[in-house]
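Hi,

Here is the structure I said I'd pass on.

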Amino acid sequence: MSSLICGSLAYDNIMQYEGRFSEALLADQLHKINVSFLVPSMRREFGGCAGNIAYNLKLLGGEPVIMATVGQDSAPYLERFKNLDISTRSIRVIDNSFTAQCFITTDAGGNQITAFHPGAMSYSHENKVADAGPVKFSIVAPDGRDGMLQHAEHSAAQGIPLIFDPGQGMPMFSGDDLKHFIDLATYVAVNDYEAELLTARTGLNLEQIAKQVSALIVTRGELGAEIFTDGQKIDIPCVQADAIADPTGCGDAFRAGMLFGLTKGMDWATTGRLSSLMGSIKIASQGPQNHAPTLAEIDDRFHKAFGYRFA
């Protein structure tokens, strides 16, 4: 059965500046900046949490249904989903807006200047979970603030097991908001930084949060992940990647593994290991949606890493 993925769809515009920002900025003139950076290289990637999760879930043979809002410039992204056989029935086009876009310029020292335009993402609340049709699980990932709250509430009201994945959207919510999300959620998924922010804002420690949900998943980069469930902690090892090219979208790949494992009824140890593997596959490629292993290849890598197969 399908998994409903509520979150953003965005274009990532990634540019490289060959010099250093510091060379163009005067420390005593920062109050009146007027600079221009020549960026010889630029690429546009398909991104956004919902798009990234759906892409990885499709690689695993899952059935993602994306619930998102896009703008008047969305035709290339929608055509991509058509070619990938990913459902677009719950994607709403906002004609008077642009699709959410991120503009990232990186200098020779690895410093970044980023501008994010939310665009159509701000209308995410216009989508209704009930209109998505039957789904087995839902995930609420970073999106418009009102949309995240509404989709979580509607998923819970309809009895759909919910993964709450606040990600970079966490600063939009107060401690009480986050407690409300936890009350609605069946599972909570965060990285280690987000876990610290979540505990600081809610006043709840990880053990207290874990007691309120079926599972709390905390990813820790090269240290792997921890899954708190049924009063125990399951340590998930990090899978060594073929290369470290780009971490963008690794968390989304991990969450696709979670959704797949849940829909297939896998135990948490296997689900966590598959999720970890998906993150390691993604990090070896530039961009969040350019890796393309077959299901058989993913299963072979899982077998090599853990000594048994999931597929």
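Predicted model: local features only at pLDDT ≥ 70, side-chain atom pairs only at ≥ 80, totals over all residues.

**Salt bridges and one buried Asn**

As a reminder, oppositely charged side chains can pair when their charged atoms come close.

A few of the pairs, one by one:

- Glu-45 and Arg-43 make a salt bridge, with the closest N and O atoms 2.7 Å apart. Glu-45 is buried at 8% relative accessibility, while Arg-43 is partly exposed at 28%.
- Asp-85 bridges to Lys-58, and here the closest N and O atoms are 3.7 Å apart. This pair ties together distant parts of the chain, 27 residues apart: Asp-85 is in the loop between α3 (75-84) and β5 (87-93), and Lys-58 is in helix α2 (residues 49-59). Asp-85 is exposed at 58%; Lys-58, at 27%, is partly exposed.
- Arg-309 pairs with Asp-300, closest N and O atoms 2.8 Å apart. Arg-309 has a relative accessible area of 42%, so it counts as partly exposed, and Asp-300 is partly exposed too, at 40%.

There's also a network of salt bridges linking Arg-220, Glu-226, Lys-233 and Asp-235.

Is Asn-127 buried or exposed? With a relative accessible area of 6%, Asn-127 is buried, because the cut-off for that is under 20%. Beyond its neighbours within four places in sequence, Asn-127 is in contact with Met-67, Ala-68, Thr-69, Ser-90, Arg-92, Gln-150 and His-151.

Cheers

Notes
Residues numbered from 1 in each chain as written. Heavy atoms only, no water. Buried < 20%, exposed > 50% of the residue type's maximum accessible area, 1.4 Å probe, protein only. Contact = heavy atoms within 4.5 Å. Salt bridge = Lys/Arg side-chain N within 4 Å of Asp/Glu carboxyl O. Helix = DSSP H or I, 4+ residues; strand = E, 2+ residues; numbered from the N terminus.
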